[in-house]
Structures are given as C-alpha cells and as structure tokens.
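I opened this notebook to keep track of what I looked up, working from the whole chain down to single residues. The entries follow the order in which I went through the structure.

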Amino acid sequence: MKKIGFIGAGNMATAIINGLIAQNDGKADFINAFDVSSEKCDAMQKLGVSICKTGVDVVAYSDIIVLAVKPQNYPEVLQSLKNNVTEQKTFVSIAAGISIAFVQSGLGCNCPVVRVMPNTPLLLKKGASALCPSENISDEDKQIVYNMFAGSGVCEYITEEHMNEIIAVNGSSPAYIYLFAKAMADYAQSCGIDYGKAMNLICATLEGSAAMLRESGDSADELIAKVSSKGGTTIAALDRLKAHGFYEAVQDAMTACTDRAEELGK
C-alpha cells in the first residue's frame, strides 16, 4: 500500500486524514505527517498517524505528499524539500492560487502534481473538491488522490485554466452561504424569533434547496419561478434583492475571489 504524507496538519489535513482512516478500516499506519506545531502533531499521533521530524522526512517516507500549508508559505516549504524530491514522488497541492507549474518549479523537479481545491465541509464528509492532475501522473496515483477527497464528499475534475475561478465556486463559497444564513437568522432574532430555532429552519431550507437543485430536474430559474407566485411574498423579497444588486454583488464577489487567487500564485 502506498504511503501518504502530510506537510501541515491543520483542519483541512485532519479532515482528509480522517477520511483516509475511515476508508481503510480505521488503520492509519500508511500515513505520515509533520507540522511545526507540537500540539497538531500530538493530535495526529492520537489518530495513529506516524509523526515525522521534518517535511524532508515526510517526503522520504511517503509516495504521495500533500502540501497542506498556506499559499504564502509555499516558496519556503518547496525550497526546503527541493534536494530530496524525485519524479517518483507525487505531490498534492490544496492551496488557493498555487499552480502545478509553481510546485514543480519550486521543487526543481517535473514530479507529478495534483492541484486540488477542497472546502471546509470536508470536515463533516460533506466536502466539494475540484481536482486537476498533471499529465505525467500514473493512473494509480490519480485514483488514490481522487479517492482521498471523494471519501469525504463530491469531486469534480477541472482543467487548470479554471482552477483559480473554481475557488469562488466551491472553495470560498461556504463563507458567502454562512453570511447569507447569518443575515436571515439575525433578521428572525430582531423580530423576536429564537435564533437557534430560526437557524435550524434556515439550515434545513439550505439543505432542501440544494437537494431540489440536484434532484428535481428543474433549472435554478425554473425553481425560482415555482416558489414565486405573482404578487406574492417571494416576489416582494426577490424584487428587493434585485434592487440592491444581489445577483451582481455575488458575481462581483466571485471575480474578486478569482483575482486574489491570481495574485497569490504570482
């Protein structure tokens, strides 16, 4: 069985590792990890993960290496690994804006790389991950990396030219949805409705609406129309959202997200 290593053991790495352990009957003996935080290493060790002393050790003892560090830390981390990398090692990048070429250049090696944009619901096995493998990856490693994320949610392959744009779609988007839910719950509370009860109804509505989008066979426009009776309450709300430029604001926010991803990758 191939060894999988993690450089960085934060929330996202923990979510992926928990998914891997669940897929392998609770076993973690094939997983290596290193983090500068001793607390995070201790938490990994409790899961049965082998703790390495350095990122270089993770590379040495692993076949597939997940770079679970922040985008701004990539140059430093890649430089530290550079002299210990071969084309037999596959790297997985989960940082916003970091391209396959950036990783290969930083490592000074044309090793296989899979660029992934996961999101935080992965923590609850409800993730949505976009994947883009380099052309020189083996079918075996490509499948292992796909399973790594598919075990904790939905996965889609995306071409690299759209990997910065997809961040706005599934990577950063949970925050927009949380803000939308918060605005609704805060309104309910301002009207004297219990915040917890309102949020419970809102969460169920978000889940149900997602199911309708996925399973009803209707387009988003058709579903909107089915909720919107002429002269009714929904139309009143939609008209006000339109007056505030809600649709355009979302589009503008997503553009800003993509632009920032482009900046991070330079």
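Entry 1, a loop residue. I started with Lys-125, which is partly exposed, its relative accessible area being 39%. I located Lys-125 in the loop between E6 and E7, and I noted that its phi is positive, about 60°, although the residue is not a glycine. For context I wrote down that most residues other than glycine have a negative phi. I am working with a predicted model throughout.

Asp-25 sits in the loop between helix H1 (11-23) and strand E2 (31-34). Is Asp-25 buried or exposed? With a relative accessible area of 73%, Asp-25 is exposed, since the cut-off for that class is over 50%.

Stepping back, I counted 12 helices and eight strands in the protein, whose C-alpha trace spans about 70 × 35 × 30 Å along its principal axes. Of the 266 residues, 38% are buried, and the accessible surface amounts to about 15,100 Å², with 55% of that belonging to carbon and sulfur atoms. Among contacts between residues at least 6 apart in sequence, I found that 63% join residues at least 24 apart. For the charges I recorded 22 positive and 30 negative side chains, the centres of the two sets lying 5 Å apart.

In what order do the eight strands of the open sheet run? I read the order as E3-E2-E1-E4-E5-E6-E7-E8, with mixed pairing. The edges are formed by strand E3 (50-51) and strand E8 (153-157), each of which pairs on one side only. Helix H4 (residues 74-81) packs on this sheet and touches strand E1 (4-7), E4 and E5, and the direction of H4 makes about 155° with that of E4. As a reminder to myself, strands of a sheet pair through backbone hydrogen bonds, either parallel or antiparallel.

E7 and E8 run parallel and are joined by five bridges, and here I noted Gly-127 opposite Gly-153 in E8. Because five of its seven residues are buried, E7 is largely enclosed by the rest of the structure.

How many of the nine residues of helix H7 (residues 163-171) are buried? I found seven, so that the helix is mostly covered, buried here meaning under 20% relative accessible area. The buried residues of H7 are Met-163, Asn-164, Ile-166, Ile-167, Ala-168, Asn-170 and Gly-171. Looking for what covers them, I listed strand E6 (113-117), strand E7 (127-133), helix H8 (173-190) and helix H12 (246-264) as included in the cover.

Technical notes
Residues are numbered from 1 along each chain as its sequence is written. This is a predicted model: local features need pLDDT of at least 70, side-chain atom pairs count only at pLDDT 80 or more; totals for chains, interfaces and linings use all residues. Side-chain values use heavy atoms; hydrogens and water are left out. Helices (H or I, at least four residues) and strands (E, at least two) are DSSP runs, numbered from the N terminus. Buried means under 20% relative accessible area, exposed over 50%, partly exposed in between (1.4 Å probe, protein chains only). Contact means heavy atoms within 4.5 Å. Accessible areas come from the Shrake-Rupley method with a 1.4 Å probe; for residues, only the protein chains shown count as cover. Lys and Arg count as positive and Asp and Glu as negative; His and the chain ends are not counted. The place of a charge is taken as NZ of Lys, CZ of Arg, CG of Asp or CD of Glu. Two strands pair if DSSP finds at least two bridges between them. Axes are lines fitted to C-alpha atoms, for helices over the stretch in contact, and angles run from 0 to 180 degrees between N-to-C directions.
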